[in-house]
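Okay, thanks for coming, everyone. I've got one structure to walk through today, so let me put it on the screen.

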Amino acid sequence: MQGGCVTLLAMESDSPHLRGCLVVFEGIDGTGKSTHIQLLAQYLRARGIDVVTDCEPTHGPWGMKVREAALAGERLSLSDEIACLLEDRREHVRDVIEPSLEQGKWVLLDRYYLSMMAYQGASGAGVEDIREWNEAFATIPDVAFWLDIPIETALERRKTRGGPGDAFEQEPFLARCAQIYSSMEMPWLRRIEADGEVDETQARIREVIREMLASRD
């Protein structure tokens, strides 16, 4: 569950009184989430929209407990993992996500609570329980893109990308995660085929975003 946390600030929004939008990118590692977040941030910034990009787990104390254990090839106990992720998200929503949205910024996230439903759900926790715990306090996304590619392709991309792997990158486990993603039903969740060219995938994403922008005019 890796991913860089980079914050990008752009020009002031043309509609400063409008609440911003929360756009989430989901999927197993190797699907191109970071790449498409950067491309979408550029697209929105060029249209005068103030953008914040971030990721979960964050690099705060709770998120780092999960990250450090995974990078060491281990995992916390499931109950500890869930507790850390919930506290990490609670702080993230309070300190970053909600203040940014209130200022009219668009927040682009690499992973959110759908990842928790998939990964901790695949580890044995109740998927709907996880959703309920999160939606008791977490901001509902305006749209979430599930970047869907074959697991073999994702693992191959991870190898070519280099860097350390983590305890989550096992094919049988990722297959269970993908199955959970495929079973999710939210009106704001969009499945995007992402195993083709980057430009093709980004075009599918921008088509949805253009619809959102048009609805705000």
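Residues are numbered from 1 along each chain as its sequence is written, and side-chain values use heavy atoms, with hydrogens and water left out.

How confident is the predictor? pLDDT is its confidence in each residue, from 0 to 100. The protein chain averages 89, and 87% of the residues score at least 70. The part to watch is residues 1-15, where pLDDT stays under 50. The model does have 57 contacts beyond four places in sequence for that stretch, a contact being heavy atoms within 4.5 Å. Still, where pLDDT is low, the predicted coordinates should not be read in detail.

Now the fold. We have eight helices and five strands in the protein chain. Those are DSSP runs numbered from the N terminus, with helices being H or I of at least four residues and strands E of at least two. From the N terminus the order reads β-α-β-α-α-β-α-α-β-α-α-β-α. Among contacts between residues at least 6 apart in sequence, 83% join residues at least 24 apart.

Of the 217 residues, 50% count as buried. Buried here is under 20% relative accessible area, exposed is over 50%, and partly exposed is in between, with a 1.4 Å probe and protein chains only.

Which residues have the most contacts inside the largest nonpolar core? They are L44, F145 and I209, in a core of 61 residues. By nonpolar core I mean a set of buried Ala, Val, Leu, Ile, Met, Phe, Trp, Tyr and Cys residues joined through side-chain atoms within 4.5 Å. Leaving out residues up to four places away in sequence, L44 touches I49, V51, W106, L108, I209 and L213.

I209 takes us to helix α8, where the buried residues are T201, Q202, I205, V208, I209, M212 and L213. Looking down the axis of α8, these fall within an arc of 145°, so they line one face of the helix. The arc is taken over the directions from the helix axis to the C-beta atoms. As a geometry check, the 19 residues of α8 (198-216) should span 27 Å at 1.5 Å a residue, and the end C-alpha atoms are 27 Å apart, which agrees. The expected span is 1.5 Å times one less than the number of residues.

Next, α5 (127-135). I130, R131 and N134 are its buried residues. They sit within an arc of 100° seen down the axis, so they line one face of α5. That buried side packs against α3 and α4, while the face turned away from it carries the exposed residues E128 and E132. E128 has 51% relative accessibility, so it counts as exposed.

In the loop between α5 and β4 we find I140. Buried or partly exposed, what is I140? Partly exposed, because its relative accessible area is 38%. I140 touches L22, Y113, E135 and W188, not counting residues up to four places away in sequence.

Most residues other than glycine have a negative phi, and most peptide bonds are trans. Here the peptide bond from E56 to P57 is cis, with omega near -5°, and P57 lies in the loop between β2 and α2. R111 has a positive phi of about 85° although it is not a glycine. You'll find R111 in the loop between β3 and α4 (113-122), and R111 counts as buried because its relative accessible area is 1%. Just after α2, G73 takes a positive phi of about 80°.

Last one: cysteines. A search of the whole structure finds zero disulfides, using a cutoff of 2.5 Å between cysteine sulfur atoms. C21 is buried at 3% relative accessibility, and C84 is buried at 7%.

Conventions. pLDDT is the predictor's confidence in each residue, from 0 to 100.
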